[in-house]
Amino acid sequence: MKIQAAVTHAQGQPFSIEEVSLSGPKSNEVLVRIVATGVCHTDAVGRDLGVSPYPIVLGHEGAGVIEQVGENVTRLVPGDHVVMSFAHCGQCENCLTGHPTVCSTFNELNFGGRMDDHTCRLHQGDADVHTFFGQSSFGTYAIAHERNAVKVDKAVDLALLGPLGCGIQTGAGTVLNRLKPAFGTSIAVYGCGAVGLSAIMAAKIAGCPQIFAVDVHDNRLELARELGATHALNGRNVDVVKEIKAAANGGAHYAVETTGVPPVVRQCLNALRPLGQAAIVGVTPEMIIDVHNDLMAEGKSMIGVIEGDSVPRVFIPQLIEFYKAGRFPFDRLIKFYDFSEINQAFEDSKSGATVKPVLKLA
Ligand code: CXF
């Protein structure tokens, strides 16, 4: 079939909405009519840094309606509402033990540009157009493996739900699936973008009595307070480490670091109390850590977390239930754009004007 999709032809080029051919679902795959898709920093990485082959249709926070199912699909039927998440094999030890975010073929399946049978579903003329995260949601239709399509409640506006497939589950899952804060403990969240704000909402659900939000933009800190932060610290104006240590009786029990900025990563370690745990969620370049003084001497640990250590088919429906109960108001992060405004949506995400842009396709 012919679809309209935002194609990235070469590294660093703006998105261009064009006609692309999409072949039908193979065995265990589904055809999804995309209703809306979130815009995530990793799409900008895919556009600008050559992490996947070009040409490519990016997009990995798709939400839509099942139009057709391939052979052997048993769990989904046409008409179902789904959110697509990251691709995973479902068969390696990490997938089988409930940690598909560290699937042994995660990089190949999500960044390799092809579906798990090593072929492409998207073409222009005779040329392959590559796939991102096993979905390529920046198009009017997408093919995904059924494993990667999470059935969601039809009572909730589907256009809101795409970001649950990545950014929002990353922040919330890091707190609820990985750190699991003990009763009465404090947490500091560095960076109040979509991931950090989701971590803050999750920390409130977990009952943390002290939730420190750290950012350099006052408007984001204000939103962080509205979503559950008990303290808002602007790193440009205050000594973050000193403030947290003073307010939290020697430091925070937990930290979620979403910025990937080495001096902020350092702050996040320094502001932990002895035995504190820092979850690293922002892609961070090489940096110097004094392993004895920064970690070992006070029994601190640093944990890498991908996609909130989530099992999307379990965690996304749970987040939706909390949203319905008014306890996870992630819709506060979202601003809708028409699909044709895709380049503007990326600009606004980069400048910080919008926390979570969502493109509407229908
Ligand atoms: C990504 C973050 C960087 C590592 C791979 C998964 N998640 C979504 O964008």
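A residue is called buried here when its relative accessible area is under 20%, exposed when that area is over 50%, and partly exposed in between, with a 1.4 Å probe and protein chains only as cover. Ser136 counts as buried because its relative accessibility is 3%. The model is predicted, so to speak of local features a pLDDT of at least 70 is needed, side-chain atom pairs count only at pLDDT 80 or more, and totals for chains, interfaces and linings use all residues. Residues are numbered from 1 along each chain as its sequence is written, and side-chain values use heavy atoms, with hydrogens and water left out.

Let us stay with Ser136 for a moment. Ser136 sits in the loop between S8 and S9; helices (H or I, at least four residues) and strands (E, at least two) are DSSP runs, numbered from the N terminus. The phi of Ser136 is positive, near 55 degrees, in a residue other than glycine. Most residues other than glycine have a negative phi, and most peptide bonds are trans. Asp309 also carries a positive phi, about 50 degrees, although it is not a glycine. You will find Asp309 in the loop between strand S16 (301-304) and helix H10 (312-324), and with a relative accessible area of 15% it is buried. As for the peptide bonds, a cis bond joins Tyr54 and Pro55, with omega about -10 degrees. Pro55 belongs to the loop between helix H1 (41-48) and strand S4 (56-57).

Now turn to the ligand. Which residues are around the ligand? They are Cys40, Thr42, His60, Phe106, Cys166, Val283, Ile306 and Glu307, where a residue is near a molecule if one of its heavy atoms lies within 4 Å of it. By class, this shell has five nonpolar residues, two polar and one charged. In that scheme Ala, Val, Leu, Ile, Met, Phe, Trp, Tyr, Cys and Pro are nonpolar, Asp, Glu, Lys and Arg are charged, and the others, Gly among them, are polar.

Several side chains in the shell make polar contacts, meaning pairs of N or O atoms within 3.5 Å; within protein, one atom must be able to donate a hydrogen and the other to accept it, and residues adjacent in sequence count only if both atoms are side-chain atoms. An N or O atom in the side chain of Thr42 is 2.5 Å from an oxygen atom of the ligand. For the side chain of His60, the distance from an N or O atom to a ligand oxygen is 3.3 Å. Glu307 places a polar side-chain atom 3.0 Å from a nitrogen atom of the ligand. Taken alone, the ligand exposes 280 Å², and the protein buries 81% of that; these areas come from the Shrake-Rupley method with a 1.4 Å probe, and for residues only the protein chains shown count as cover.

Phe106, one of the residues around the ligand, leads us on to the aromatic rings. A pair of aromatic rings is described by the distance of the centres and the angle of the planes. Rings of Phe, Tyr and Trp (its six-membered ring) pair if their centres lie within 6.5 Å; planes under 30 degrees apart count as stacked, over 60 as edge-to-face and the rest as tilted. The whole structure holds 10 aromatic pairs. Why is the pair of Phe86 and Phe106 tilted? The ring centres of Phe86 and Phe106 are 5.7 Å apart and the planes stand at 45 degrees, so the pair is tilted. This pair links distant parts of the chain, 20 residues apart: Phe86 is in the loop between strand S6 (81-84) and helix H2 (93-96), and Phe106 is in helix H3 (residues 106-111). Both Phe86 and Phe106 are buried.

A second pair joins Phe138 and Phe346, with centres 5.9 Å apart and planes at 90 degrees, so it is edge-to-face. Here the partners are 208 residues apart, with Phe138 in the loop between strand S8 (127-131) and strand S9 (141-145) and Phe346 in helix H11 (residues 342-351). Phe138 is buried at 0% relative accessibility, and Phe346 is buried at 6%.

Back at Phe86, this ring forms one aromatic cluster with Phe106, Phe111, Phe132 and Phe133. The backbone oxygen of Phe86 is also reached by the side chain of His88, at 3.3 Å. His88 lies in the loop between S6 and H2 and is buried, with a relative accessible area of 13%.
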